[in-house]
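Please consult the sequence and the structure while reading the points below.

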Amino acid sequence: MYRPGFATPLGFSYKEEREMRDHLRILNAFSRDVIQSRRNDSGMRKRGDILSLFLQAESDMSDTKLRDVIMSFFIAGRGEH
């Protein structure tokens, strides 16, 4: 089914693509906030969540890699109900 989009430098952008970019922007902002909050949490060592465990195991891991870990868990946890 053809659905017209609007022209962009790289081609066409459809409603679903715009929505996906918007959702990714929200998830990236959320991930960034959680990572910064956790890095600044003095009680992080007592936490048992996956992000805290990654930060403890690899304290020099970049925010980008940590975001990718968080996103992987978001995606893996997404199931059909």
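Glu19 and Lys15 lie four residues apart in helix α1 (residues 15–39), so about one helical turn separates them. The two residues form a salt bridge, with 3.6 Å between the closest N and O atoms. The model is a predicted one, and a search of the whole structure finds eight salt bridges.

- Arg25 and Asp22 are joined through their side chains in a salt bridge of 2.5 Å, N to O.
- Arg25 and Asp22 are three residues apart in helix α1, which is about one turn of the helix.
- Arg25 is exposed, with a relative accessible area of 53%, while Asp22 is partly exposed at 36%.

**A salt bridge between distant parts of the chain**
- Asp49 forms a salt bridge with Arg38, and their closest N and O atoms are 2.6 Å apart.
- This pair connects the loop between α1 and α2, where Asp49 lies, to helix α1, which holds Arg38; the two are 11 residues apart.
- Asp49 is partly exposed, with a relative accessible area of 27%, but Arg38 counts as buried at 12%.
- Both residues belong to a network of salt bridges that also links Asp41 and Arg47.

**Nonpolar core**
- The largest nonpolar core comprises seven residues, namely Ile35, Met44, Leu51, Leu55, Met61, Leu66 and Ile70.
- Helices α2 (50–57) and α3 (63–77) each contribute at least two residues to this core.
- Leaving aside residues up to four places away in sequence, Leu66 touches Ile35, Arg39, Leu51, Phe54, Leu55 and Met61.

Definitions and conventions: Residues numbered from 1 in each chain as written. Predicted model: local features only at pLDDT ≥ 70, side-chain atom pairs only at ≥ 80, totals over all residues. Heavy atoms only, no water. Core = buried A, V, L, I, M, F, W, Y, C linked by side-chain atoms within 4.5 Å. Buried < 20%, exposed > 50% of the residue type's maximum accessible area, 1.4 Å probe, protein only. Contact = heavy atoms within 4.5 Å. Salt bridge = Lys/Arg side-chain N within 4 Å of Asp/Glu carboxyl O.
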